[in-house]
Amino acid sequence: MNMNERIEQYLGAAPKPPSPVGLMDMLRKDVILREVGTQRSALRRFFVPSGERVSLWRVAAAAAITIAVLLPLSYGATKLIRRFSTISQLPGVSKAKFPWGYDGAALSPDGKHFAGTTMSFELVVIDTSTGEQRKLAENCFWGTPVVWSADGSEIAYLSRRGDWHTDMGRQPSSLLALSFKSGKTRILMQDPLWPEDWSSDGKLILGERMSKEGLGAAVMVNLETKEETVLAKEGASPRFSPNTRYLSHVTKEANRSILHLRRVDGTSHVQYTDFPGTIDKPLWSPDGTYVVFVGTQMGIDRRHKDLWTLRVEGDRFIGLPLPVIPNVEQMQFFNWSQNGQLAYVTGFQLGGVYTLPVDARTGKAGGPPRQLMLGGNQCCWSPDGKQIAFWQKQEGGEGAFVFVSASNGETMRTLSVAEITGVSPGMSWSPDGRLIACGGTAKQKRRGVFLITVETGDVRLLAPLEKAPNSLTWSPDGKTIAYGQNNGVYVVNVEDGKPRQIASPTEKEEIFNRPVFVPDGGSVAYAHLKGPDCDAVLATTIDGKTTREVCHVKDTKLNMRVFSLSPDGRRIVFTPGDEKIWCAPTDGGEPFLMADISELGETVFAWAAEWSPKGDAISFGVGRQEYQYWVMENFLPVTEAGGR
Amino acid sequence: MDRRIKDLCKRAKSADKNAACELLEIYHADIFAYLRRLCGNRQDAEDLTQQTFFKVWSSLGSFTGRSEFSTWLYRIAHNTYIDWRRGRPDGARNYPDPWWGECVDTDPGPLADAADRQMAQRLYEAVDQLDDDQKHVVHLHYYQQLSIRQTARVLNVATSTIKYRLREALGILRTTLRVGEHEPDVARATPVAKGETT
């Protein structure tokens, strides 16, 4: 019997709390009934209004209504039934390791292939009928949108420069078009945007471009003239109509969503502003007569996400939006192929933070992994090793640090830090226990190195920076903080807040990432990446003058890019991104498997292991994802006034 | 709908108190158990059961028989519980007593073994920690043995939503149990290095 069946058995066999003695008597006394008049059925009342004879006039009227109204309606019902019968799963696609069900994958125009980027930085395409998977390109930027050309002959994707652990992975190098048949690529743009759509003539690209303020502007680029038109400074999901005469996108103003419909040549622009909720991800139906979007509205005690449709005729919206599919909260929609299949993913991601006891002398696991909490994201150990602090967004959207006991996971307190709006990977608790250093973003879009007072939650921006830094680490004397940014390693003096770069990569594909102070406090260790892989951990003195190799592994598949140095500096623990946690001695010894967490589930992966200050445990994140990919037949009625 | 229940409903609608009492006899224990498990204490569960049936009798006229009587009844009980929770000073959260402690184990069935009972109790505790959406589905479908369709009707959501929530809840419960399950069996669960033997 598997675990699910056991759980179901236990739940089904749950004992029943007995009803108290006397409850039945009490309820009996409460029975107050009033007679409800017996009513004739509605049909009988209609056809026999007098209660005696059938009214022939009414029979004739009913027949007329049936022919004029009900028959056309039944046609709609047939369509509805057909719609549900043609929803089908793409099991072959579900098996692919797409990252977190990200909405960047796309169905080919003929619906026969599904393209997306994997966690291994590959562009893959999957045959939707056989599940056969083909790698088309390497070194692409995972989790970014891919876009098919209108004829399905090419796929546009972002090539990668850098590693996603650095700068949140937003370092694409170029937008390429890959020929689906020959596999040859050509450069579409050198300074690429986040592609969303590609015009049917192949000349225009729609997408989002991140501004310095961190806003995604909706832009349209002419690939021939390189002319760039900003559609909205802060916009989302720009899409061409199938005939590329029009485009749609969404903006948000004063907590209201505005759906825009523009002519591509700029001669007309209309807006739909009355939707009582949020509009997300508008998509054009294949015949160009509808824009379908995910609408979110607040219900009495919860949010409702439904799929809505709004008619479009030429450069006008017609009528009001209508809900077409309810409860789509668990769905993420990709795109609509020209043959009428709407592709989407449904599923969920679970995970949590675990600890693993470790023998500090040997570096080997000393017991089973233990879950500290469900969810959780950024975390760091207190200097005494008794607590772990997590960064979490609370229900109202405010950020907070949650302090849990490292021994049993019990929440000890929650420290609300409304000032901070986002924290980048890798935070660190000061050696004196007073402060937590983290990289992130605060209100008024301030970015940099922040210090949070553990006792009070006071926030201080120690070093303002253009981008949020990552992987912060305190020196053992508490006077310096090291961090990673722009592929390099920096240190900042806690007294004056002045940052200084100590290690800067020289080669194009080289990255120095995830700095960790070595125990002597004189140098900072960091992962040295060439491309996506890391086979060496280096250390540079804080004056930036001397660099040495701390650890080297022969097998490059044992990727050390996410690592942590033990407090005695004798070992590093690292997580290549699968179910295994590895440990490598820094004296040149062979790396060994510290833990395999595959027992926690079929699709689990471990990441971001951190040593406890005493070296007797590690904390690590566990992710698990279960997603299914589906297509839905075009369920919208066909209209003559198509936009094609 | 069961012919007998249908008949009792019809008679109760015609102000037949005996029929209403028969319906009470059939359903009151289930409704009490449902509310007891949800609201976390006996006294509140009694009050809520009373309120539920009061609403049932006062709105019996609006029950058209399109759904099953039991589904309609659970829907009223569910809404009564939701209203009660909204009105509580501690807002959305509740702190339930372990309801399983009150149950006399006359027929332990598959939970005859002490270890099984312990695990089941851990599971019930974990169910109490689930999100509301997941919790309601578990209570109705597993504890009250309603079908997925009935559960969907009670909660007024699509059956696909119920399936999704059940799968989500089972996933969380599985993770919770699996982690707890490893604790006593250190030797088996200790990860070993590649090539090593225990």
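Author: Happy to. Across the interface of chain A and chain B, the rule finds eight residue pairs in polar contact, both residues at pLDDT 80 or more. A polar contact is a pair of N or O atoms within 3.5 Å; within protein, one must be able to donate a hydrogen and the other to accept it, and residues adjacent in sequence count only if both atoms are side-chain atoms.

Reader: Which elements give two or more residues to chain A's side?
Author: They are helix 1 (3-12), helix 2 (23-30), strand 23 (341-357), strand 24 (370-374), strand 45 (592-596) and strand 47 (617-633) of chain A. Helices (H or I, at least four residues) and strands (E, at least two) are DSSP runs, numbered from the N terminus. Helix 1 of chain A gives the most, with nine residues.

Reader: What about the model itself?
Author: This is a predicted model: local features need pLDDT of at least 70, side-chain atom pairs count only at pLDDT 80 or more, and totals for chains, interfaces and linings use all residues. Residues are numbered from 1 along each chain as written, chains are lettered from A and ligands numbered from 1 in written order, and side-chain values use heavy atoms, without hydrogens and water.

Reader: How many salt bridges cross the interface?
Author: Two, by the rule of a Lys or Arg side-chain nitrogen within 4 Å of an Asp or Glu carboxyl oxygen. A:Arg28 forms a salt bridge with B:Glu25, with the closest N and O atoms 3.0 Å apart.

Reader: And how many residues are in contact?
Author: 60 residues of chain A are in contact (heavy atoms within 4.5 Å) with 73 residues of chain B.
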